[in-house]
Amino acid sequence: MKKWIVCLAGCWTGCLLVAIPSRAQDLGRVRATIDTLCSPGMYGRGYVKEGEKIAARYLARRFAAIGLHAFGTASGEPYFQPFSLDVNTFPRPIRLKIDKKTLVTGQDYLLNAISRKGRGTGKVRRLDTLILTDESARQRFLQSKTKDQVVVYEQKHYARLVELPPDLLNKMHEAKALIELQNSNKLTASLSPSQLSHPLFEVKAAGFNPNAQRVKFRAYARLIAGYSTQNVIGYVRGTAEPDSFVVISAHYDHLGTLGRAYFPGANDNASGISMLLELAHHFAAHPPRYSVAFVAFGAEEAGLVGSKFYVEHPLFPLRQIRFLINLDLVGTGDDGLMVVNGTAMTPEFDRLSRINQQNGYFPTLSKRANAPNSDHFYFAIRGVRSVFLYTLGGIKAYHDVDDRPETLPLTKYKEVFGLLRQFIE
Ligand SMILES: [Zn+2]
């Protein structure tokens with residue numbers, strides 16, 4: 001990865017100007033957009049210190065500078081479409097010490113999204129996996145005390161643990177805290193609209209001493225009901241059929257903070273937002289036949305909340321959308337480009353493939369069936385013709401503190417931009 005970056009820093013802009021002289025998106029500007037969205041002052045574009053709102057206001061300023069039109073909404077802010085959600089947050093420092101070793105938040109462990117607050121010290125209790133199968137082990141567990149303990153189990157047993165009878169689960173939940181050891185060396189964070197009855201730490205198994213005796217912890221979690229956030233929406237008016245829209249969408253929110261750590265979200269999805277802004281720049285200067293709406297969704301990471309709200313409260317009738325292209329994770333591309341819902345969008349997929357072939361952007365385009373994995377989903381199930389594009393290969397950082405701008409390669413950025421520009425034109 002490092003090798004790539006060294007190479008890119010030296011030759012990129014030059015190469016690009018040669019490749020597409022008059023229509024190159026500005027890669028300095030792309031990097032600046034991504035750096036800004038990932039900066040500490042955006043707090044991971046989540047719900048602590050209004051990170052999402054800081055990001056949304058930044059986008060509104062960019063939309064205004066580009067000259068996008070706004071749809072009239074109830075909000076005072078011209079491009080904002082407000083909505084609300086319930087979300088669990090981790091605004092204060094978190095500590096986890098196992099025997100004498102203090103673990104690093106984000107690097108060595110995460111607090112599971114559904115954690116409640118709690119603090120204290122507890123004796124380590126490795127969960128006897130016999131309770132999954134053996135009745136006498138279950139009885140022994142039920143008769144033991146878990147109250148002063150921190151129960152430790154392996155992630156691979158999670159699916160079977162949650163199927164245990166309620167009395168066994170309750171016994172587990174009486175513990176001061178739970179530690180789930182992550183089998184892979186990868187921590188993957190998420191968001192939750194609710195809380196458990198105790199803190200639940202996810203710890204990399206590789207860093208956990210199997211003979212550990214004591215755990216000292218402090219976790220603070222705040223469940224916010226009805227947090228007010230927003231989608232950010234603007235458009236370019238079409239020259240021939242302004243009532244027909246192509247929609248370019250991407251989510252700008254991310255996972256926010258975890259105590260002092262935060263999730264920068266460079267690939268997910270500063271990459272997609274930067275692409276949306278580059279397309280907005282291009283089409284504001286060269287309006288196409290149809291109108292183009294640029295929709296930056298909020299609260300995608302919380303479960304596609306912003307796009308679901310939009311589909312239920314569209315700013316113009318959904319039937320006026322000719323096609324929707326959702327961008328989420330477009331910062332790599334070594335192994336190609338995936339078109340989700342491409343299997344159902346045959347004419348559009350064929351057109352994308354033709355443009356791709358003519359320009360040699362990718363060896364081939366991949367396609368798969370629709371899935372609820374990003375903001376195109378609720379549009380697709382409402383019958384709006386739509387696809388979701390993500391690049392394949394490259395960095396492994398995903399929903400972790402390592403999804404940073406410095407290591408985001410933007411391998412096929414100009415190719416994806418060219419493909420979309422030509423497709424829309
Ligand atoms: Zn994500």
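Ile381 is exposed, with a relative accessible area of 53% (exposed means over 50%, buried under 20% and partly exposed in between, using a 1.4 Å probe and protein chains only). This is a predicted model, so to speak: local features need pLDDT of at least 70, side-chain atom pairs count only at pLDDT 80 or more, and totals for chains, interfaces and linings use all residues. Residues are numbered from 1 along each chain as its sequence is written, and side-chain values use heavy atoms, with hydrogens and water left out.

**Around Ile381**
- Ile381 sits in helix H10, residues 377–381 (helices are DSSP runs of at least four residues, strands of at least two, numbered from the N terminus).
- From Ile381 to Ala371 is 10 residues in sequence and 9.8 Å in space, C-alpha to C-alpha.

**Lys97 and the positive patch**
- Lys97 is partly exposed, at 34% relative accessible area.
- Lys97 belongs to a positive surface patch along with Arg95, Lys100, Arg119, Lys216 and Arg260 (patch residues have over 30% relative accessible area and no salt bridge, with like charges joined within 9 Å; a salt bridge puts a side-chain nitrogen of Lys or Arg within 4 Å of a carboxyl oxygen of Asp or Glu).

**Gln230**
- You'll find Gln230 in strand E10, residues 222–236.
- Gln230 counts as buried, at 3% relative accessibility.
- The Gln230 side chain makes a polar contact of 2.7 Å with that of Glu52 (a pair of N or O atoms within 3.5 Å, one able to donate a hydrogen and the other to accept it).
- Another polar contact, 3.4 Å, links the side chains of Gln230 and Thr229.

Conventions
Patch = residues over 30% accessible without salt bridge, like charges linked within 9 Å, V, L, I, M, F, W, Y side chains within 5 Å. Areas by Shrake-Rupley, 256 points an atom, 1.4 Å probe, with all protein chains shown as cover. Lys, Arg positive; Asp, Glu negative; His and termini not counted. Charge placed at Lys NZ, Arg CZ, Asp CG, Glu CD.
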